[in-house]
Amino acid sequence: MKKFAFLFVYLIPFLSFAQLKTDVLVIGGGASGVMAGIQAARLGVKVTIVEEGAWLGGMLTSAGISAIDGNHHLPSGLWAEFKNALIKHYGTATALQTGWVSQVMFEPQVGQQILSEMCSKEPNLDVLLGTRYTQIISQNNRWLITLVGNTSSTIQAKIIIDATELGDVAALLGVKYDIGMDAQSTYQERVAPQQANDIIQDLTYVAVLKDYHQVQKPVSPSADYRREDFICACEKLCPDKQMPRLWDCEKMKTYGKLQNDLYMINWPIHGNDYYVNMVDMNTEQRKQAIIKAKEHTRNFVYFMQTELGWNTLGLADVFETKDSLPMIPYHRESRRIKGLARINMNHLEKPFAQSEPLYRTGIAVGDYPIDQHHGKNPKAPDLYFVPVPSFNIPLGSLIPENVSNLIVAEKSISVSNLVNGASRLQPVVMEIGQAAGVLASLAVQKKVSPEKVSIRKVQNILVNQKAYLMPYIDVTPEHPYFRAIQKMGATGILKGEGKNNKWSNETWFYPDSTVLLKDFLEGLKPYYPKLKLPTFTESELSYPLSYPQLTSIFIHISPKHQVNLPPTGTIQRGELAYLVDKVLNPFYQKIDHQGFLTQEKSIKNP
């Protein structure tokens with residue numbers, strides 16, 4: 001009956017809804033909103049997703065960005081579940097590697113179908129498509145939201161998750177936010193501009209084309225079409241053969257090749273990227289901006305048909321739209337709220353060397369470089385694939401500093417402008433949504449606002465869901481010590497090593513290697529600052545930690561625990577993480593949203 005109800009809402013989006021109550025209201029059914037709804041529902045709270053459009057998935061589906069960027073070697077939580085569902089649909093993992101830009105590519109309608117099926121399996125989750133909010137007020141520590149479908153109705157919620165594309169709910173509720181590029185003096189990020197500005201990344205109105213083979217499907221250009229706008233999109237007609245990033249035309253076409261003769265056109269180089277800052281526009285201004293962005297994309301398709309000779313490539317009928325273009329544009333950047341934590345590029349480059357150990361509070365991971373699209377704005381700097389190691393996102397980035405009972409997800413979290421260039425990618429956003437779902441469910445169950453929820457409890461649930469807290473590429477969820485390594489990584493007692501490797505940047509834990517005794521003792525210091533540990537010689541400190549030394553340390557820290565370790569030999573990092581987690585449990589010592597250890601009593605192992 002539950003599944004039927006969901007499908008009924010899906011097929012007939014404009015319904016007259018009765019007065020509703022829910023624990024968690026997710027506004028926006030995009031990449032993060034869907035995952036937030038699924039995760040919170042699985043944890044036993046009542047969840048409702050409100051989505052204005054006809055599809056779930058946002059940039060994954062409705063915007064047509066059905067080529068996953070990054071995290072191919074970090075199969076985390078619900079992102080991994082979605083990826084595995086795609087593999088099951090297409091038969092093999094190789095079947096997802098149709099275009100060269102990504103290892104995970106799929107048809108937008110297939111992604112939408114999978115997400116809908118994932119939602120329909122959750123008895124605690126309702127999805128209201130074709131529904132938008134018009135008013136949100138706070139009343140008796142609850143939210144009262146006016147919804148518009150066929151007729152007006154209201155829904156009462158304890159927690160709201162803003163999963164909109166541009167952070168509109170947060171802005172409506174008075175959350176402070178930033179738009180545009182930060183000055184270098186703000187966070188001392190090495191590639192930030194000297195002066196702050198209001199420039200955001202180009203958006204893209206994607207086109208999904210189909211090869212109709214012998215049949216031509218011409219597209220009409222707009223009145224302001226100029227072939228010069230696109231002539232250097234690829235090598236064939238470009239007069240400047242020395243232009244940076246000039247690609248072969250066939251390479252441009254197969255960049256986003258999908259299954260079943262489809263081609264995703266999301267080409268940044270003199271292609272269908274389009275600059276407009278829609279964030280603070282009103283509804284009518286946004287509509288007009290979208291019209292212009294669509295015209296630009298249709299002009300690019302016309303250029304490919306007429307100038308490149310691809311006249312049998314026409315717009316595919318995969319979207320439920322009159323013009324065969326996606327339902328929404330692909331927004332790369334939105335508002336960036338001011339949250340309880342804000343991560344900047346320095347935290348990505350050297351997470352263990354910063355004054356705030358934000359890495360300890362991580363709830364989502366990414367491995368993409370800082371990639372900002374500014375090709376259509378000559379005033380913007382060139383920030384093309386600035387390398388950083390893989391990274392994590394702190395929980396405090398999801399929690400606004402001045403509004404309670406609200407969680408912010410999607411691309412509107414509290415990060416610097418540069419970090420947004422890496423945190424905006426689909427897998428990271430899906431993981432942010434999953435963490436938002438965990439945080440919301442705990443807030444409901446504990447009857448507190450999200451800022452008062454234990455960070456460690458959120459992280460513990462995520463790890464149990466096979467989600468990453470730390471981006472360790474060499475320790476997958478199938479590893480026998482995965483949970484322990486993730487938790488010890490989040491304490492900082494055992495640290496990873498970040499590396500840059502082209503597009504896929506990495507952090508390694510090295511579970512099969514050893515750790516120097518002095519490094520292990522240094523990692524323990526913050527957790528046991530007053531403890532007098534055994535005295536070791538300078539020579540011992542410079543050698544790998546041995547089992548007898550670990551036994552001695554355990555006895556000093558926790559005499560009540562009886563450990564039976566080998567009498568000789570050195571210990572590997574993976575096993576060490578497991579033993580420290582099992583014997584000492586330092587992970588459950590409370591931390592604040594900056595990652596600092598608090599003076600409060602340690603929480604119990606959930």
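Analyst: In α17, the buried residues are Arg 573, Gly 574, Leu 576, Ala 577, Leu 579, Val 580, Asp 581 and Val 583, where buried means under 20% relative accessible area, exposed means over 50% and partly exposed lies in between, with a 1.4 Å probe and protein chains only. The helix is thus mostly covered, with 8 of its 11 residues buried. Helices here are DSSP runs of H or I with at least four residues, strands are runs of E with at least two, and both are numbered from the N terminus. This is a predicted model, in which local features need pLDDT of at least 70 and side-chain atom pairs count only at pLDDT 80 or more, while totals for chains, interfaces and linings use all residues. Residues are numbered from 1 along each chain as its sequence is written, and side-chain values use heavy atoms, with hydrogens and water left out.

The buried residues of α17 pack against α13 (482–491), α14 and α16, contact being defined as heavy atoms within 4.5 Å. Just after α17, Asn 585 has a positive phi of about 55 degrees.

Most residues other than glycine have a negative phi. His 270, which is not a glycine, has a positive phi near 55 degrees; its place is the loop between β10 (262–265) and β11 (273–274). With a relative accessibility of 34%, His 270 is classed as partly exposed. Glu 410 likewise is not a glycine and has a positive phi of about 55 degrees. This residue belongs to the loop between β16 (406–408) and α10 (417–423), and its relative accessibility of 1% places Glu 410 among the buried residues.

The loop between β14 (362–366) and β15 (391–394) holds Asp 367, and His 373 is found in that loop between β14 and β15 as well. Asp 367 is buried at a relative accessible area of 2%, and His 373 is buried at 12%. Leaving aside neighbours within four places in sequence, His 373 is in contact with Gln 201, Asp 202, Pro 268, Asp 273, Arg 332 and Arg 424. Between the C-alpha atoms of His 373 and Tyr 274, which are 99 residues apart along the chain, the separation is 9.5 Å. For Asp 367 and Gln 214, 153 residues apart in sequence, the C-alpha to C-alpha distance is 42 Å.

Gly 498 belongs to strand β17 (residues 497–499) and is partly exposed, with a relative accessible area of 40%. Not counting residues up to four places away in sequence, Gly 498 touches Pro 389, Glu 506 and Thr 507. Its C-alpha atom is 31 Å from that of Gly 30, a residue 468 positions away along the chain.

Another helix pair is formed by α3 (residues 77–90) and α11 (residues 426–446), whose axes come within 7 Å and cross at roughly 125 degrees. Axes are lines fitted to C-alpha atoms, for helices over the stretch in contact, and angles run from 0 to 180 degrees between N-to-C directions. From α3, the contact involves Gly 77, Leu 78, Trp 79 and Phe 82, and from α11 it involves Pro 427, Met 430, Glu 431 and Gln 434. These residues divide into 5 nonpolar, 2 polar and 1 charged, with Ala, Val, Leu, Ile, Met, Phe, Trp, Tyr, Cys and Pro counted as nonpolar, Asp, Glu, Lys and Arg as charged, and the others, Gly among them, as polar.

As a whole, the chain contains 17 helices and 18 strands. Of its 606 residues, 59% are buried. Among contacts with a separation of 6 or more, 74% involve residues 24 or more positions apart. The C-alpha trace spans about 80 × 60 × 50 Å along its principal axes.
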